[in-house]
Amino acid sequence: MAESEDIFLRAKQRTFTGLTEESECEWTGPFCFIQAADPQFGLMKAWKDGDSDSGGDEWAEEVELTKQAVEAVNQLRPRPRFMVLCGDLVHAMPDTPFREAQERDLKAVLKATDPSIPLVFVSGNHDLGNTPTPRTIEQYCRAWGDDYFSFWVGGVLCLVLNSQLFFDASACPQLKEAQETWLEAQLSRASSSSSAEPKPKHVLVFQHIPLYLKNPDEEHDYFNLQRTVRQSLIGRFKKAGVKAVFSGHYHRNAGGCHGGLDMVVSSAIGCQLGEDSHGVRVVVVTADDVVHRYYSLDQLKTQGMDRDLQERLLA
C-alpha cells in the first residue's frame with residue numbers, strides 16, 4: 001500500500017488509526033471539526049442532463065468545489081481535529097462506468113488536506129449501492145476503509161455507521177446483524193457506569209441517511225429511514241446518551257432537536273437540490289454542548305469561523 005493512500009484507509013478493524021480510545025479518551029478542552037457531505041463527483045452534470053441514474057460523465061465542477069472546501073478547511077485556526085465526509089463520495093454506483101475515475105480524482109483533491117486533519121469517511125448509498133451486497137461493501141472498504149467503526153477525539157466517542165444496512169440489507173443480512181451486534185456493544189459501552197472505563201464527554205454518530213428530515217414522526221421516503229427503524233435507533237441513541245447524529249444525503253440543510261437528540265442534516269459540497277450554497281458545517285464541541293453552523297465555501301474561505309464560535313473554543 002502506497003504511503004499516500006494511508007490517509008484513506010485509517011479506518012481498520014472497527015477503529016481509526018491515530019484516534020483511538022487509548023490515545024484520545026480524556027477530555028482535553030473544546031475543539032472543532034468539519035462535517036461535510038456528498039461531494040458526489042458526477043451528479044451535477046447528471047442532474048442537469050436529467051439522467052441522475054446513469055449519467056455523470058463529467059465532474060470538473062465537483063473537483064473545483066472540493067478543492068475550495070479543502071482550502072477553506074486548511075486555513076482555519078485553530079485547526080479542526082478531523083473532517084468527516086458523510087457519504088456519497090462519488091456518484092457512480094459500484095461496477096458502473098466512471099466509478100474508478102471519480103474515486104481517483106476525489107482522492108487526488110483530498111490529498112491536499114493538511115496532514116494534521118484526519119479524513120473520516122462515511123459510506124453512502126452511491127458508494128455501496130441502494131441494495132448493498134457483500135461484494136460492494138468489500139469494494140468500498142478496499143478504497144475507503146471500514147464501513148462502520150468508532151473513534152475517539154479529546155474524550156468524545158464518535159460512531160460511524162453504515163446507514164444502508166438500516167435502509168435495505170436484503171442482499172447482506174449477515175452484515176446487517178454484524179453491525180447491529182457491534183453497535184449494541186458500542187452503545188452499552190457509552191452508557192456504562194463502570195469505573196474501569198472512561199466515560200465519554202459526549203457521544204456523536206455519523207451516518208449518510210438521516211433518521212428524519214424535520215420530525216421524528218414524519219413519513220418515510222427516499223431521504224430518511226423507515227419509521228420503525230428510525231424510532232428504534234432514536235430510542236437506543238437516547239438511552240446511550242448520544243448528543244447528535246450528523247448526516248447528508250438530502251443535499252439540503254434540515255434536521256431538528258427532539259428529546260435532547262440533535263439530528264443534523266447538512267447540505268452538499270457538490271450538487272444542491274434546494275436553496276443552500278455549496279458548503280460544509282463547522283462543529284464546536286465544548287464540555288457542555290455541541291454547537292454547529294453551516295458555511296458556504298466562499299464564506300468560510302473569506303471570513304473563517306464566526307467570532308462567537310471561536311470564543312467557545314477559547315473558553
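Reply: Leu-204 stands opposite Ala-244 in strand β9. This is a predicted model, in which local features need pLDDT of at least 70, side-chain atom pairs count only at pLDDT 80 or more, and totals for chains, interfaces and linings use all residues. Residues are numbered from 1 along each chain as its sequence is written, and side-chain values use heavy atoms, with hydrogens and water left out.

Me: In which sense do β8 and β9 pair?

Reply: Strand β8 (residues 203-206) and β9 pair in the parallel sense, over four bridges. Two strands pair if DSSP finds at least two bridges between them; helices (H or I, at least four residues) and strands (E, at least two) are DSSP runs, numbered from the N terminus.

Me: Through which helix does the chain cross from β8 to β9?

Reply: Helix α9 (residues 227-240) carries the chain across, and this β-α-β crossover is right-handed. That term applies if, with the strands pointing away from the viewer, the path from the first strand over the helix to the second runs clockwise.

Me: And which residue of β11 is opposite Ala-244?

Reply: Asp-262 in β11 stands opposite Ala-244. β9 and strand β11 (residues 261-265) also pair in the parallel sense over four bridges.

Me: How many residues of β9 are buried?

Reply: Five of the six residues in β9 (residues 242-247) are buried. Buried means under 20% relative accessible area, exposed over 50%, and partly exposed in between (1.4 Å probe, protein chains only).

Me: Changing topic, why does Glu-24 count as buried?

Reply: Glu-24 counts as buried because its relative accessibility is 14%. Glu-24 is found in helix α1 (residues 21-24).

Me: What is Glu-24 in contact with?

Reply: Leaving aside neighbours within four places in sequence, its contacts (heavy atoms within 4.5 Å) include Arg-81, Trp-152 and Gly-154. Glu-24 and Gly-154 are 130 residues apart in sequence, yet 5.1 Å apart in space, C-alpha to C-alpha.

Me: Which residues touch the most other members of the largest nonpolar core?

Reply: Among them are Leu-85, Leu-110, Phe-121 and Met-305, in a core of 47 residues. α3 gives the most to this core, with six residues. A nonpolar core is a set of buried Ala, Val, Leu, Ile, Met, Phe, Trp, Tyr and Cys residues joined through side-chain atoms within 4.5 Å.

Me: What do the buried residues of α4 pack against?

Reply: They pack against α3 (60-74), β4 (83-86), β5 (119-122), α5 (125-128) and α6 (134-144). Leu-106 and Leu-110 are among the buried residues of α4.
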